[in-house]
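Let's take a walk through this protein, starting with the whole chain and then stopping at a couple of spots. Keep the structure open beside you as you read.

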Amino acid sequence: MHGWIILDKPLGLGSTQGVSAVKRCLRQGGYGKGIKVGHGGTLDPLATGVLPIAVGEATKLAGRMLDSDKVYDFTIRFGEQTATLDAEGEVVATSDVRPTRAALEAVLPRFTGPIEQVPPAYSALKIDGERAYDLARAGEDVVLASRAVTIHSLQSSPARGGGPFASANGGGGEPLGDSVEEAPLHHPSDGPPPQAELGEEFEEITLTAHVSKGTYIRSLARDIALALGTVGHVTMLRRIKAGPFTLAPAISLDKLNEMGQAATLEQILLPLRAGLDDIPALALDPDQAGALRQGRVLAGIAVDDGQYFAMLGDIPVALVGALDQQVRVVRGFNLD
């Protein structure tokens, strides 16, 4: 068992709990003890969606997944800011101001591209060895430094599988709290928008953001609301892509448990290669594969500089780096 299981993480489940669920199902299915399992990027308990779970030798690529871009759908409700910047925290600020579509269209470009953002006080970042959320829950004043992140794109979210509000099992359903489903923002190619539409005020909006690693969607929502002259917090957060993985192969926790009991988890296990679909393959002969497995450098390999997924036939050998026609192992895989 070496590869990826993509979990459609339900509401309330932590990332480490998702890892534990996969471990339990591997044991139930009789796949053997001691199989390594890890996740490819933390997802808040109050968020749902794509949680890549690395199994076996794929765990050696989990760190690379942490550095990958992510795509989220999220809903901002205006008028109240909470301590946690989501629906779980107590209200700490209110405003009667509600934004218009014209105002939203005007501010979104400010949050696209390289930006600076201050992470939420309720985050897993450490301050003098202590988690920020532990300090915040203890009533301490938490001040985090701003960080540079990149918002590759930010736009109004289309409905995805039953609407933009996902249920706990990821299949559409009822929104978190009362909702006002919005029409898509006007696109310039559609011609001049109706004035009534531009001037219409709304209570909440669902957006889709393609972001770099380290981006906090709760902070993004807070800052968008402030730029609109009001306050707000996140009421729905759903990750729809993490690195190369989308919701398409994702399974629910119930389905995972069912397949674990039936010992059919290999049917949903994506190959180790799936985590490196943006990296070209490098075909090896048996002697070259043997040399890399021994940690030796291959010389005279006529390839461009960069990273490659070295293969002996269909067997992954290593993630390698090429420089000046020399190939060195970055991550080796112990596969027969």
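Among contacts in the protein between residues at least 6 apart in sequence, what percentage join residues at least 24 apart? The figure is 73%. Bear in mind that you're looking at a predicted model. It has eight helices and 19 strands. Of the 336 residues in the protein, 47% are buried.

Now for a single side chain. Find helix 6, which covers residues 217–227, and pick out Arg 222. Is Arg 222 buried or exposed? Arg 222 has a relative accessible area of 13%, so it counts as buried, the cut-off being under 20%. What does its side chain find there? One of its polar atoms sits 2.8 Å from the backbone oxygen of Val 118. If you skip the neighbours within four places in sequence, Arg 222 touches Gln 81, Leu 85, Val 118, Pro 119 and Gly 232.

Next, move along to helix 7, residues 253–261. Its buried residues are Leu 256, Met 259 and Gly 260. These cover an arc of only 105 degrees around the axis, so they end up on the same side of helix 7. And what do they pack against? Their partners are strand 1 (3–9) and helix 1 (15–28). Turn to the other side of helix 7 and you'll see Asp 254 and Gln 261, both exposed. After helix 7 comes Ala 263, which has a positive phi, near 55 degrees.

Key: Residues are numbered from 1 along each chain as its sequence is written. This is a predicted model: local features need pLDDT of at least 70, side-chain atom pairs count only at pLDDT 80 or more; totals for chains, interfaces and linings use all residues. Side-chain values use heavy atoms; hydrogens and water are left out. Helices (H or I, at least four residues) and strands (E, at least two) are DSSP runs, numbered from the N terminus. Buried means under 20% relative accessible area, exposed over 50%, partly exposed in between (1.4 Å probe, protein chains only). Contact means heavy atoms within 4.5 Å. A polar contact is a pair of N or O atoms within 3.5 Å; within protein, one must be able to donate a hydrogen and the other to accept it, and residues adjacent in sequence count only if both atoms are side-chain atoms. The arc is that of the directions from the helix axis to the C-beta atoms.
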